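Here's a quick briefing on the model below, covering strand pairing, charges and rings. Have a look at the fold before you read on.

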Amino acid sequence: KRWFVPGDTLPPLAVPAKIETSMASIKQYPPEYAFDGDTLSFFATPYSLIKGDYFMVVTEQLRLIEDIRILCDMSKEYPTNADILISADGQEFRKVGSFTKEGKAEVKMEPSPVKAVKIVLTATHMARLSIREIILKESSVQKQ
């Protein structure tokens, strides 16, 4: 197993998108690492976070998504009080899941049009936070 060594440039994203977050990052571990398709790289915050802090991926194109997985660091640098929301337009969001007390986050749903996925803390997080990867599984069902 190889160790992750951050580079000097931002990684390419898994699909064309922009990342928005209210969470500060450790300089070497910017938000783009959470959506680069590599589960060894990661985004990391330098300190505790407050209720309402968020991390969001907004894809350039609407995608038909059936599964969302958010992989976090297992060294207690994962949220235990956070919701997962989706949006078809990047403006109006609906909750589709939450993180478990063990920091797991997986949402299986009917194929839904998704332009944005947002993680929102529902309570203060008293530690660093690391997000290894946000994985959006597209549906093989074609839109009618």
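Let's start with Glu20, which is partly exposed because its relative accessibility is 26%; buried here means under 20% relative accessible area, exposed means over 50%, and partly exposed is in between (1.4 Å probe, protein chains only). Keep in mind that this is a predicted model, where local features need pLDDT of at least 70 and side-chain atom pairs count only at pLDDT 80 or more, while totals for chains, interfaces and linings use all residues. Residues are numbered from 1 along each chain as its sequence is written, and side-chain values use heavy atoms, with hydrogens and water left out.

**Salt bridges**

- Glu20 has a charged partner: Lys18 makes a salt bridge with it, with 3.4 Å between the closest N and O atoms. The term covers a side-chain nitrogen of Lys or Arg within 4 Å of a carboxyl oxygen of Asp or Glu.
- Lys18 also counts as partly exposed, because its relative accessibility is 47%.
- How many salt bridges does this rule give? The count comes to 7.
- Another of these joins Lys108 to Asp67, with the closest N and O atoms 3.7 Å apart. That pair links distant parts of the chain, with Lys108 in strand E6 (residues 105-121) and Asp67 in strand E3 (residues 54-72), 41 residues apart. Strands, by the way, are DSSP runs of E with at least two residues, numbered from the N terminus.
- Glu77 counts as buried because its relative accessibility is 14%, whereas Arg128 is partly exposed because its relative accessible area is 31%.

**Aromatic rings**

- A search of the whole structure turns up 5 aromatic pairs. One of them puts Phe4 with Tyr29 in a tilted arrangement, 6.0 Å centre to centre with 50 degrees between the planes. Phe4 lies in the segment before strand E1 (17-21) and Tyr29 in the loop between E1 and strand E2 (43-44), so to speak two distant parts of the chain, 25 residues apart.
- For the cut-offs, rings of Phe, Tyr and Trp (its six-membered ring) pair if their centres lie within 6.5 Å; planes under 30 degrees apart are stacked, over 60 edge-to-face, and the rest tilted.
- Which residues do the ring pairs link into a cluster? They are Phe4, Tyr29, Tyr33 and Phe42.

**A lysine over two rings**

- Lys118 lies over the face of Tyr54, 4.9 Å from the ring centre. It takes NZ of Lys or CZ of Arg within 6 Å of the ring centre and within 35 degrees of the ring normal for a charge to sit over a ring.
- Lys118 also lies over the face of Phe93, at 5.0 Å from the ring centre.

**Strand pairing**

- E1 and E3 run antiparallel and are joined by 5 bridges; two strands pair if DSSP finds at least two bridges between them. Lys18, from the salt bridge with Glu20, stands opposite Val58 in E3.
- E3 also pairs with E6 in the antiparallel sense, over 12 bridges. One example is Ile68, whose bridge partner in E6 is Val107.
- E3 and E7 are antiparallel too, with 7 bridges between them. Leu71 has Glu133 in E7 as its bridge partner, and Cys72 has Ile131.
- Ile131 in E7 also stands opposite Phe43. E2 and E7 run antiparallel and share 2 bridges.

Methods
Helices (H or I, at least four residues) and strands (E, at least two) are DSSP runs, numbered from the N terminus.
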